[in-house]
Amino acid sequence: MSNIISQAGVAIVLYILAVGFSGCSKPQQSESAEDSTVQVYAVVGSRMITEVDLEREYARRELIGLAKLAEEETLEKLIERAALVEYARDLGLGDDPVVAHRLDSLLIHALRQRSKGSDPALEQVSEDAVTAAYRERLDDFTRPGATRLAVLFIEVSNKLSHSQQNEAEERLREAVSLLESQGLSASQGFGRIASEYSDEQLSRYRGGDVGWIPDPMTNHRLPSVVLEAGRGLDVGATSDVITLENGCWIVMKTGSRPSTVRPLEAVDDLIRNELIARKKAERQTAHLADALSAVTIQRILADSDDS
């Protein structure tokens, strides 16, 4: 279906360009109606509508799946279209830079569609190519493992006395004892205990939960020592008190999930479409190279003003 639409688009583009530039012949460039072997049906401004134009219109409608109209109706539509084109040119729209750019773009699009139609391999990608691309990008299709942690934190200045730091550590151990007596599940973290015992503002009202942390991540807000201690625990276990310069921590591991790899079958279409897009981009680059080599180009640089 997409190929039919593409072909129809090219046909429409070429038809519009033909009408706009040369589709209806001009009297001054043709023999007189009496001498010509081509039947002339109408003259619209500087344009003649001939039997060739009718045949082109019949072919265009067939290509895009439209029913063939009667000769009189087809001719009337061609006359109306030619009149509109002539009127637009009389108003100077043919010299409008936006219109000129769009016409150029239509020609370029038609060129690309013609090349695409003549090379069906452009839309085909082998299974070996898909498999090779999958292996090259395996990291992109791998979700790393992750660990979920909950923390208790008591802020302690390193300027405090040793006895005051000991008090903070004992308070955290008291919180863990209270946790064990309540029998909370790992998924609940420290529960309400966190709001009573923890100074970690982002997690204290969520049971100390700091969420899932990808295993490769190191630049987390938790100190690296706390992070690594939590990763090393069994799910549901808590660490001993970890005393650092900014205070005292206890971490609990509340969840763990392994890394997973999306199978080739799940990303086959994605990879295939990306490879097709790459081939099309390469084809466009080749078109440009062909055009630059086929057309004579002179770059005229203005003399620099040395004054």
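Reader: How many aromatic pairs does the count come to?

Author: This is a predicted model, where local features need pLDDT of at least 70, side-chain atom pairs count only at pLDDT 80 or more, and totals for chains, interfaces and linings use all residues. Residues are numbered from 1 along each chain as its sequence is written, and side-chain values use heavy atoms, without hydrogens and water. Rings of Phe, Tyr and Trp (its six-membered ring) pair if their centres lie within 6.5 Å; planes under 30 degrees apart are stacked, over 60 edge-to-face, the rest tilted. By this rule the count is 2.

Reader: Is the pair of Tyr 134 and Phe 141 stacked or edge-to-face?

Author: The ring centres of Tyr 134 and Phe 141 are 5.7 Å apart.

Reader: Are Phe 153 and Trp 249 buried or exposed?

Author: Their ring centres are 4.3 Å apart with planes at 35 degrees, so this pair is tilted. Phe 153 sits in strand β4 (residues 146–155) and Trp 249 in strand β7 (residues 247–257), 96 residues apart. Buried means under 20% relative accessible area, exposed over 50%, partly exposed in between (1.4 Å probe, protein chains only). Both Phe 153 and Trp 249 are buried.

Reader: What percentage of the 307 residues count as buried?

Author: Tyr 134 and Phe 141 are buried too. For the chain of 307 residues, the buried share is 33%.

Terms used
Helix = DSSP H or I, 4+ residues; strand = E, 2+ residues; numbered from the N terminus.
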